[in-house]
Structures are given as C-alpha cells and as structure tokens.
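Dear colleague,

I am passing on the structure below, together with some notes on what came out of going through it. Please keep it open beside you while you read.

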Amino acid sequence: MKIFFYHTPELTPVQNVADCAIAIDVLRATSTIVTALSVGAEAVQVFSDLDKLMQESESWAPEKRLRAGERGGAKVAGCDLGNSPLDCTSELMHDRRLFMTTTNGTRALEIIQASPSVLAAALINRRAVVDYVVSHRPETVWIVGAGWEGSFALEDTVCAGAIAHSLIADLNCTLEDIAGNDELTGAVALYDQWKDDLLGLLHHASHGKRLLRLDCQDDLKYCAQTDVLDVLPIQREIGVLVKNG
Ligand code: 3SL
C-alpha cells in the first residue's frame, strides 16, 4: 500500500484516481459530516456551488432536508445552518438529508469523487477510517486536505499524519514502506510533535484563529478530539455520503 497526501484540492492530481481517496477538513466540514451521520442524518450531499445546492435540494420535501452553507466561516443567508458540528443534533438531523456547501471541504470531496472508494475523515473518526483501510487494503490511498483557499492547513495535515501513524502500527510496517510522497512524511512528523496537544495546534492554525475570532472555541475543542465517533462517511453515489455499514 502507498499513501499520498495532498495539502489542497488544487494540488491533487486530476488525470488519474486512487483506489481509495480520503478528504479531510478538520475545521470543520468533515467533522460536521461525521457528526451529522452519527446523529441520524439520512445522507450528506455535498456541493461546491451554492446555486446547484439550492436547485437540487428544492426537489426534496422541506421536512426531509436541511441546507448547510458556509463561506468565510459564517453561515450563508438562506441556509438552515452554517458549518458547526455542534449544531448537528439528533432532533434536527434525524432522517433528513443534509445538503452542504463550504468554502474548501466540499471542494476536497468533489475533487476525489471519481475514486471507487471515497471517505470523509476528521480527527473525531480517525479510528473508523483506519479500520476501513486496514480491512480493504487498497493499493493506492490519496489523502486530500481541504486547506484554506488553496493554502496548506495545519489541522488537515496533522489529521493525515494521525491516520498514517495508526496505519503504520496496524499494518506493522514502516513509514518508508507506505509513504508515497514527502507530504505524508511531513504530516506524520507534525502529528508526532503535536499528538498530545492537538487543541493547542488548532489554536496555532490560521483557520483555527479565524474561527476563534468568530467565537467558535467550542468547535475547536470538539474537532480536536481523536477517535470519539465510530462513524465512517462513504460515498454511495457521486457527492452523496452515507454512514458505512
Ligand atoms: O472551508 C471549509 O470547508 C469549512 O469547513 C470552513 S469553516 O470551518 O466552516 O469555517
């Protein structure tokens, strides 16, 4: 197995696909997707384009849908929700489809949607992602960070490192055996340095600081937790993620 990490959707190759592709947006899109499915959302359907989201969701009965829209960290006017995982209560989500667009995370999912196996990962569901990869043994794995508008993000990189770190232990191999590119080696080094203070790292991250300015300190605390939800979002049809199993 070879694992490649790409810091942003823009840096991800488009001419071929991996056997398994994993999108990460710790702050906060993939953390929100995992949480929404954990409390009973029927599915999460992702869009990079707000107009397309509005069009597609229009054909759903209002009691069966929710629209989540985020730009620049803030809720988009006309949507029911922004992008806080803490808004995902079972009362709200139960049996509804969450139609979602965010600045970067939904773009990361879109860029890998042609892969035969598309997963959404965050720190909160790292173990579920690792278990899937260990049991399916794909030959090539791409991990794609959402980043922020084309730039590197510490929180996505540390999560890629956390996934690789566990895979190395579970597959009983070395970093050299599985690292497909230098970015993955860098991600594992970042995780090794910060694994005991992930919340501290999120406070250093530029998007973490942006969210703190928007008063989202509880979101950071929530998203910094590791392995707390045994939920694996997997793409069932293009753009539609459901709970695996
Ligand atoms: O960029 C994104 O996709 C979002 O996750 C950003 S935010 O955390 O909702 O601000």
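Helix H5 (residues 126-136) has Arg126, Ala128, Val129, Val130, Tyr132, Val133 and Val134 buried, where buried means under 20% relative accessible area, exposed over 50% and partly exposed in between, with a 1.4 Å probe and protein chains only. Helices (H or I, at least four residues) and strands (E, at least two) are DSSP runs numbered from the N terminus. The cover over the buried residues of H5 includes strands E2 (20-24), E7 (118-121), E8 (140-145) and E9 (233-237), along with helices H6 and H8 (182-194), a contact being heavy atoms within 4.5 Å. Just after H5, Arg137 takes a positive phi of about 45°.

Please bear in mind that this is a predicted model, in which local features need pLDDT of at least 70 and side-chain atom pairs count only at pLDDT 80 or more, whereas totals for chains, interfaces and linings use all residues. Residues are numbered from 1 along each chain as its sequence is written, and side-chain values use heavy atoms, with hydrogens and water left out.

The largest nonpolar core has 81 residues, and Ile22, Ile24, Ile143 and Ile163 touch the most other members; such a core is a set of buried Ala, Val, Leu, Ile, Met, Phe, Trp, Tyr and Cys residues joined through side-chain atoms within 4.5 Å. Helix H6 (residues 154-170) gives the most to this core, with eight residues. Leaving aside residues up to four places away in sequence, the contacts of Ile24 include Ala121, Ile143, Val144, Cys159, Ala160 and Ile163.

Turning to the ligand, 14 residues lie around it, and Asp25, Asn83, Thr102, Asn104 and Gly105 come nearest, a residue being near if one of its heavy atoms lies within 4 Å. A polar side-chain atom of Asp25 is 2.7 Å from an oxygen atom of the ligand, a backbone N or O atom of Arg28 is 2.8 Å from a ligand oxygen, and an N or O atom in the side chain of Glu70 is 3.4 Å from a ligand oxygen. Taken alone, the ligand exposes 290 Å², and the protein buries 100% of that, with areas from the Shrake-Rupley method and a 1.4 Å probe; for residues, only the protein chains shown count as cover.

Gln45 sits in strand E3 (residues 43-47) and counts as buried because its relative accessibility is 9%. Its side chain is joined to that of Arg97 by a polar contact of 2.7 Å, meaning a pair of N or O atoms within 3.5 Å, where within protein one must be able to donate a hydrogen and the other to accept it, and residues adjacent in sequence count only if both atoms are side-chain atoms. Beyond four places in sequence, Gln45 also touches residues including Glu56, Phe99 and Val240.

As for the cysteines, how many disulfides are there? The count comes to zero, a disulfide being a pair of cysteine sulfur atoms within 2.5 Å. Cys159 is in none, as the nearest cysteine sulfur, that of Cys223, is 10 Å away, and Cys159 counts as buried at 0% relative accessibility.

Lastly, Leu214 lies in the loop between helices H10 (206-213) and H11 (217-223) and is partly exposed, with a relative accessible area of 39%. Not counting residues up to four places away in sequence, Leu214 touches Gly72, Gly73 and Ala74.

With best regards
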